Amino acid sequence: MLYDIRLQLHYDYDRAAGGSRHHVHVAPQTIPNVQRVIASSVSFGPTPSERSDFLDFFGNAVTSVAFRSAYDELDIRMSARVSVSRPETGLDVSPKLADLGGEIALVRSLAPNAPHHFLAASDFVDLDPAITDYARDSFSAASSITGIANDLCDRIYADFTYDGEATTVATKAADAFAIRRGVCQDFSHVMIAGLRGIGIPAGYVSGFLRTIPPPGKERLEGADAMHAWVKVWCGREAGWQEFDPTNGMRASNDHITVGYGRDYSDVAPIVGVLKTTGSQTGEQAVDVVPVG
C-alpha cells in the first residue's frame with residue numbers, strides 16, 4: 001500500500017513561551033521488508049533558532065529544535081509518502097514459553113532490536129502483579145509465544161473499553177488496567193506489561209493507522225490520529241511480530257510505523273522544556289490517504 005501522510009501538531013500558550021528545546025518523533029522510517037519512506041519532511045512555525053536531525057538508539061528519526069525568541073503558538077507539520085508491504089503471516093514457528101528463556105540467552109547482542117532491552121520495567125510499564133496474573137490466562141489458552149501474544153491481544157480488545165476521556169498521556173499501565181478503559185497508548189502498555197511479566201520481551205510501536213469511513217460516508221480531513229501497538233519477540237525463528245490490541249488484530253499494511261521503544265516515553269511525538277508562566281493546550285490532526 002502507498003500512502004500520503006500529513007500530521008499537524010498545534011500548541012497555544014497562555015503566556016509567551018521562550019528559551020525552549022524539543023525532540024520531535026513524528027517522521028516514519030524505512031524498515032527493511034516492512035515499509036519504505038519515499039519522501040518525508042518536518043517543518044515548524046515559527047522557524048527554530050537551531051535544528052538538527054538524527055537517529056536515536058532504536059533507529060527512530062528525531063528532529064531536535066531550539067527556540068531563542070518568544071512565541072505564543074507552535075505548529076509542527078510532517079508530510080510523507082510511504083509504501084507499506086508487510087510479510088504475510090506464516091506458520092507459527094515460535095517456541096513454547098518454557099523454552100523462550102533459553103533462546104533469549106543465546107542472543108549475544110545488545111543491538112537496538114535485541115530482546116534484552118524489552119524485558120524489564122520502564123517508565124510507563126511496571127511489572128504489575130495483577131496484569132501479570134491477567135496475562136497468565138493467555139498462557140493457559142495457548143502454547144506458543146505467538147499464540148500467547150495473539151490471545152492476550154484479543155482479550156484486551158474484548159475486555160477493555162476505548163474511552164478518550166478516561167486517561168491522560170501520563171497514565172501508566174497499572175492505572176489503565178485497573179479501570180479497563182483508555183486509548184491505544186494504554187492498551188499497548190497493558191499488553192507490554194503483561195507479556196514482560198511472564199517473561200516475553202515486548203515493546204511499544206508508534207505510528208499511524210489508516211481509518212476507513214462507514215459505507216456511504218466521506219472521509220473527514222484530519223480525522224485520523226497517531227496510533228500505538230505492540231511488538232513481541234517470538235523467538236529466534238519468528239523474530240519480532242506486531243499486534244494491535246486496540247483493534248484485536250495483527251499489524252497490517254494499514255499500520256505505518258514511526259518508531260520503536262520500550263514504551264511511550266521513548267517515542268512521544270514531542271518532548272522538551274520551555275520557559276512560560278501559563279498553561280498550554282494542544283491539538284493533533286492526521287490524514288492517512290491511500291495513493292492510487
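Helix α2 has a buried set of residues: Ile131, Thr132, Tyr134, Ala135 and Ser138, where buried means under 20% relative accessible area, exposed means over 50%, and partly exposed is in between (1.4 Å probe, protein chains only). These residues cover an arc of only 160° around the axis, which puts them on the same side of α2; the arc is taken from the directions from the helix axis to the C-beta atoms. On the other side of α2, Pro129 and Ser140 are exposed.

A word on the model itself. It is predicted, with local features needing pLDDT of at least 70 and side-chain atom pairs counted only at pLDDT 80 or more, while totals for chains, interfaces and linings use all residues. Residues are numbered from 1 along each chain as its sequence is written, and side-chain values use heavy atoms, with hydrogens and water left out.

Helices (H or I, at least four residues) and strands (E, at least two) are DSSP runs, numbered from the N terminus. The 13 residues of α2 (residues 129-141) should span 18 Å at 1.5 Å a residue, and its end C-alpha atoms are 19 Å apart, which agrees; the expected span is 1.5 Å times one less than the number of residues. At the N-terminal end, Asp128 caps α2 through a side-chain oxygen 3.1 Å from the backbone nitrogen of Ala130.

Now to the charged pairs. Side chains of opposite charge can pair when their charged atoms come close. The structure holds 12 salt bridges, each a side-chain nitrogen of Lys or Arg within 4 Å of a carboxyl oxygen of Asp or Glu. Here are some of them:

| Asp287 | Arg6 | 3.6 Å |

Asp287 is buried, at 9% relative accessible area, whereas Arg6 is partly exposed at 38%.

Glu50 sits in strand β3 (residues 50-55) and its partner Arg21 in strand β1, so this pair ties together parts 29 residues apart in sequence. Glu50 is partly exposed at 34%, and Arg21 is partly exposed at 35%. Salt bridges that share partners join Arg21, Glu50 and Arg68 into one network.

How values were computed. Polar contact = N/O pair within 3.5 Å; in protein donor to acceptor, adjacent residues only side chain to side chain.
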